[in-house]
Amino acid sequence: MSNSIPEIENADLLLIFGYNGADSHPIVARRIIKAKEKGAKIIVVDPRITESVRIADLWLPLKGGTNMALVNACGNVLINEALYHKEYVGKYVEGLEDYKTAVAKYTPEYAEAITGVKADDIRKAMRDYAGAKNAMILYGMGVCQFSQAVDVVRGLASLVLLTGNLGRANVGIGPVRGQNNVQGTCDMGTLPDVFPGYQAVTDAKARRKFEKAWGVKLSGRIGYKLTEIPHLVLQEDKVKAYYIMGEDPVQSDPNAGEVREVLDKMELVIVQDIFMNKTALHADVILPATSWGEHEGVYSSADRGFQRFKKAVEPKGDCKPDWQIICEIATAMGYEMKYEDTEEIWDEMRGLCPSFAGASYKRLDELGSIQWPCPTEEHTGTPYLYEGNKFSTPNGKGQLFACDWRPPLERVDEEFPLSLSTVREVGHYSVRTMTGNCRALQQLADEPGYVQLSVEDAEELHIRDQELISISSRRGSVMARALVTERVKKGATYMTYQWWIGACNELTSDHVDPITKTPEFKYCAVKVERIKDQAGAEQHVRDEYAKLRKQMGVNV
Amino acid sequence: MSGTLNSFVVANPNQCIGCKVCEIVCFAVHNKNNQVAMSVGTIAAPVIPRLYLVRGETFTMPIQCRHCEDAPCANSCRIGAIKQEDKRIVIDENDCIGCKTCLLACPFGAIDLLPQFKDGEAVIQANLKEESEFGLEEKVKTIAYKCDLCQDHGEPACVTACPQQALTLVIPAEEKKRRNRQAAVNLLSALN
């Protein structure tokens, strides 16, 4: 996020794009409500009625998979109605002429035909957005999990640049990132192209620094991305082993059938986790790790804030903290890796990453949290980026971007007439490895899980609320409970991705964004069918659930 | 005589984010004898809340008992298991026969009928058995549950637990007095 989560409360306008705070981050959702109470205008872009839509001043209910067309139309209005901040753009931004050409055909009327959003609502949204003193954009997976994702992120950033909403408090653009510490894993270099602190593996100087510190030779080649692995294993036979930590790809990656095939073909699969999960069923070796209450460390929040957390209880049973397991594996493989505690690891990392250098344990304890960049121990962190409107481009100027809209890579047709988007629900976290083992949360929302569908579609298909139904795509078929709701529009369905029985990733497609290789979780074609024998279906669900629990040794 | 009116809990839908913390804490404080000790994650009994989060096109909020002065549930109870007690309407769960009349009588849908639990175990009916393919089997006792304003807990747990402070315990006499005073202030400012 360019700005901080607490600043959300002080914005005059929030443009929430493909982000459902109440279900993904209830703590951030509280800030959105506080902003509203303090008088902020709320504009929400979402195909479904979410809690934010409920309190919004303006709702743009776009069709799934049409983000870029809408963002271009927003740019078109800013340009054609001369709403953009000419002085700011003149001083700090480049590429205006190309941008104008690229968005020229995306008039609100042109976009209405694609997105289904009323042309006048697009105009009104942009007049409000450009007119607000301090406006902030929040976006989520409704932007990133499409085959056209990076383009939309850059398109949204262009709206921010055009209106000069950067470089000061209570403005900016916030990708409110998925899970706890997903920001931290990126900060620490678990991406295929960077070392810790976003230092490129292709940068020879950075590479030499890490080689010297670790006493090894490092590759300057960019690694594989997660979603490239299935192809590399099944078609090219290039990847032979998989070491999976705190991740359940059979549950969380698209096209689960293919993921299982990949795991079974690999020569070695190691899973390091706190409980059994679907991926661990395919592992050759399972390394039991401690959970968050049983060890210490540092988390990064979505707004770049480092926070220390400490051990609350002693671990039980045969398990170790992740860092100790890694050290022992490395040592056994011939590279002696030894640390006294997590602080020693953290200090080594700080020494190698200039933008994290000042965030020592001592300073973190004193300040509670530190947002990077924090170059020295005297520095108190950076709540918002781009002070003085200097950007991290070669000439320091912000770059405008627009390109043509591309539809999702799978389309609905006669055989699979409905769209499926995968979403979150408040009671379960990620793949439910933790929350599925908490009895109270499990009971509030239990297997086989739900398919949200519109009242109109339910009527047409003769489906009653809470009935078991069958939902299928070109890749698979699962059973789940119908959740018939006015919040969903005709033609669309939604499922949360943590269920073992109603596992929506048996259905999702493995199309990805060309740059990030993030899967198109938000759009695939499905069909929904009524099940006549409800008693038989209920029994089938109970049997399947019992079988899985037995396989995993779950007694919760 | 607003001083004798029953209190009740009500939610502000503009503040509710639908997180269900109220449901969990409601269950937790009412099931101390059902092994809900350290953490609700370790419970054996099913989660039975006495307020219900509802979601619709335009609303998200928990709905619970209004503790009506002329309570239709109590008026309809065939065996007198629902009574007025210290400014609240309560169900005697041991007397309840599960006839469901109160569920139908309540205009808010604030009453639900669910299995009874004691010490983490389902309570079994004394005589009634259920016919099954294995012969006659024991049947779990089902009783009516509703909000009792946390009578054994002190103040309503949902009000204190809500992270949004979306729930309020309304004490009608105080609320009336507050509004009278506010009206006076408003009139005064209109005059000046």
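Student: What are the helix and strand percentages over residues 1-331 of chain A, and how far apart are the end C-alpha atoms?
Tutor: That stretch of chain A is 40% helix and 16% strand, with its end C-alpha atoms 38 Å apart. Helices (H or I, at least four residues) and strands (E, at least two) are DSSP runs, numbered from the N terminus. This is a predicted model, in which local features need pLDDT of at least 70, side-chain atom pairs count only at pLDDT 80 or more, and totals for chains, interfaces and linings use all residues. Residues are numbered from 1 along each chain as its sequence is written, while chains are lettered from A and ligands numbered from 1 in the order in which they are written.

Student: Which UniProt annotation covers residues 1-331 of chain A?
Tutor: The unreviewed UniProt entry annotates residues 1-331 of chain A as "domain: Molybdopterin oxidoreductase". UniProt positions are given in the numbering used here, feature names are shortened, and annotations may be inferred rather than shown by experiment.

Student: And what does UniProt place at residues 418-525 of chain A?
Tutor: The unreviewed entry has "domain: Molybdopterin dinucleotide-binding" there. Residues 418-525 of chain A are 11% helix and 28% strand, and the end C-alpha atoms of the stretch are 6 Å apart.

Student: Helix packing next. At what angle do the axes of α4(A) and α10(A) cross?
Tutor: The axes of α4 (residues 67-80) and α10 (residues 150-162) of chain A cross at roughly 20° and come within 9 Å. Axes are lines fitted to C-alpha atoms, for helices over the stretch in contact, and angles run from 0 to 180 degrees between N-to-C directions. The angle therefore makes α4(A) roughly parallel to α10(A); angles under 35 degrees count as roughly parallel, over 145 as roughly antiparallel, 65 to 115 as roughly perpendicular and the rest as oblique.

Student: Which residues of α4(A) and α10(A) make that contact?
Tutor: Among them are Met68(A), Val71(A) and Leu78(A) of α4(A), and Val152(A), Leu156(A) and Leu159(A) of α10(A). Two residues are in contact if their C-beta atoms, placed from the backbone, lie within 7 Å. The contact has eight nonpolar, five polar and one charged residues. Here Ala, Val, Leu, Ile, Met, Phe, Trp, Tyr, Cys and Pro count as nonpolar, Asp, Glu, Lys and Arg as charged, and the others, Gly among them, as polar.

Student: How do α4(A) and α8(A) pack?
Tutor: Their axes are 9 Å apart, at an angle of about 65°. The contact includes Cys74(A) and Val77(A) of α4(A), together with Ile122(A) and Met126(A) of α8(A). By class, this contact has seven nonpolar, no polar and one charged residues.

Student: What is the angle between α7(A) and α8(A)?
Tutor: Helices α7 (residues 108-115) and α8 (residues 119-131) of chain A pack at about 115°, their axes 8 Å apart. Pro108(A), Glu109(A), Ala111(A) and Glu112(A) of α7(A) meet Ala119(A), Ile122(A) and Arg123(A) of α8(A). Those residues divide into four nonpolar, no polar and three charged.

Student: Switching to the backbone: which residues does the cis peptide bond with omega about 0° join?
Tutor: That bond joins Trp372(A) and Pro373(A). Pro373(A) lies in the loop between β14 (370-371) and β15 (398-399) of chain A. The bond from Glu447(A) to Pro448(A) is also cis, with omega near 5°, and Pro448(A) lies in the loop between α19 and β17 (450-453) of chain A.

Student: Is phi of Asn255(A) positive or negative?
Tutor: Phi of Asn255(A) is positive, near 55°, in a residue other than glycine. Most residues other than glycine have a negative phi, and most peptide bonds are trans. Asn255(A) sits in the loop between α14 (249-252) and α15 (256-265) of chain A.

Student: Finally, how many residues does each chain give to the contact between chains A and B?
Tutor: Chain A gives 18 residues and chain B gives 20 residues. On the side of chain A, α2 (26-37), α3 (51-54) and α19 (439-444) are the elements that give two or more residues. That side has 10 nonpolar, two polar and six charged residues.

Student: What ipTM and pTM does the predictor give the complex?
Tutor: The complex has an ipTM of 0.79 and a pTM of 0.91. For chain B, the mean pLDDT is 90, and 95% of residues reach 70 or more; pLDDT is the predictor's confidence in each residue, from 0 to 100.
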